[in-house]
Every structure is written in structure tokens, then in C-alpha cells.
Amino acid sequence: MFLTFEGIEGSGKSTQLRRLAERIPNAVITKEPGGTPLADRIRAILLDSSSQLDPNAELFLFAASRRQNVIEVIKPALARGAVVLCDRFTDSTLAYQGFGRLINLDQLRTLNAWATDSLTPDLTLIFDLPEEVGLNRARSRNAEAVSDEGRFEAEDLRFHRRVREGYRTLAVSEPNRFAVIDGEGEVDEVFARVVAEVTKRTELLR
């Protein structure tokens, strides 16, 4: 089974992914951008606040990173029957590059399908909260980090508002795949919502 975790900056998705992985024996955890040695090098470029990237160059780098992750990590794990939990996947491209950067969504879907061999998650959890709250969380986190991964947090509030609305639009378009999780509140409160949705929609925690 393939589960993906999505949301705006500072939504808490990475924390909740790790919490859920502790409840699933032999879960495989991966992330985007990144997940393999080569993809991690691409991640460093994509998230470095000093990187001056053309929007299409940014898009192609995300696709290249995703391709490596799918071929080296995700598909082999699924083939051997593992549960894969991925921190961001193709829906991030639709939300950030599509709704955020205003790149044509149909073109993005074509690129996503090409990069992943049309791999689609079984369940996608979207962590939703006001963009101002998420940005404050993310910027506080980045201030304490050793590496600089703040390029997207530097975007203005209008960009992050479009990304959030993009995720909400995606959730409405595929209600059987997406579950929107209220990301506000204490970590344990949010995790209880995650457990409830995963239990309702899958057999993983039963």
C-alpha cells in the first residue's frame, strides 16, 4: 500500500508521517524531493534559498528527483509487499507548480505520469491549516535548522494561499483518495485524526 502526506509549509505532515510509521511494521519511509542519494542532491538545489530557478527548471528537477525515488525506492518496496509512506508526491507538483506557480495542470499531470509510470497513491492525507500559521511554524523551524531549505517559505502569502486552495481543490476532485486532516492543535490531537482516517479507509491499523 502506498500512502502520501501532503500540505502547505509547516502543516505538520512530516511529524505525523513518522508517528504513523511507528504503528506500521516494516513501513518504508521516503520523501520528496529526495529519498535517494542522487535525489537528495537535487533536493539541496531545489530548497536552497539562494537557488535562482526558472519555474520550468524547478519543475523538471522535481520530476527528476521523483523518478529516481520511484525507481530506486518506492516501486521495489511496493513490489515486495511493503507499506510505503512518502512525504510529498505528485500532488505537491499540482499544488505548488500548478496552483502556486500557475503552470498548466494538464501538462503537469502528463509529466507526473511520465516520471512515475502513472503510479498513484492508495491514500493521500492532506494536512490543512491557515497558511499564516503554517508559514510561522516553518520559518521558526528553519531558523533552528543546520541546512538552508527555506526557498519556498520565502514566497509571499498569496503564493501559499493558492497552494492551500489547490490542495483543497484536489481533495474535492478525488474524495475516495484524499482525506483532509485538520492540522491545527497539539501533535497528539492531530495524530488522533490521522489514526481515525487511516483506520476508516484502510486495514493498516486494525
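In the predicted model, residues 24 or more positions apart supply 77% of those contacts in the protein chain that have a separation of 6 or more. Along the principal axes, the C-alpha trace extends over about 45 × 35 × 35 Å.

Of the 206 residues, 49% count as buried. The accessible surface of the protein chain amounts to about 9900 Å², and carbon and sulfur atoms contribute 51% of this area. The chain carries 28 positive and 32 negative charges, whose mean positions lie 2 Å apart.

Helix α1 spans residues 13–21, and its buried residues are Lys13, Gln16, Leu17, Leu20 and Ala21. Viewed down the axis of α1, these buried residues fall within an arc of 140°, so they line one face of the helix. An α-helix has 3.6 residues a turn, so residues three or four places apart point the same way. The packing partners of the buried residues of α1 are the strands β1 (2–7), β2 (28–31), β3 (84–87) and β4 (123–128), together with helix α8 (187–201).

Within strand β2 lies Ile29. The C-alpha atom of Ile29 is separated by 9.3 Å from that of Val73, a residue 44 positions away along the chain.

Several backbone features occur in loops. Most residues other than glycine have a negative phi, and most peptide bonds are trans. The peptide bond from Glu32 to Pro33, by contrast, is cis, with omega near -15°, and Pro33 is placed in the loop between β2 and α2 (37–47). Leu102, although not a glycine, adopts a positive phi of about 70°. This residue belongs to the loop between α4 (90–100) and α5 (105–116), and with 63% relative accessibility Leu102 counts as exposed. A positive phi, near 65°, is also found at Ser118, likewise a residue other than glycine, in the loop between α5 and β4.

Conventions. Residues numbered from 1 in each chain as written. Predicted model: local features only at pLDDT ≥ 70, side-chain atom pairs only at ≥ 80, totals over all residues. Heavy atoms only, no water. Buried < 20%, exposed > 50% of the residue type's maximum accessible area, 1.4 Å probe, protein only. Contact = heavy atoms within 4.5 Å. Areas by Shrake-Rupley, 256 points an atom, 1.4 Å probe, with all protein chains shown as cover. Lys, Arg positive; Asp, Glu negative; His and termini not counted. Charge placed at Lys NZ, Arg CZ, Asp CG, Glu CD. Helix = DSSP H or I, 4+ residues; strand = E, 2+ residues; numbered from the N terminus. Arc of directions from axis to C-beta.
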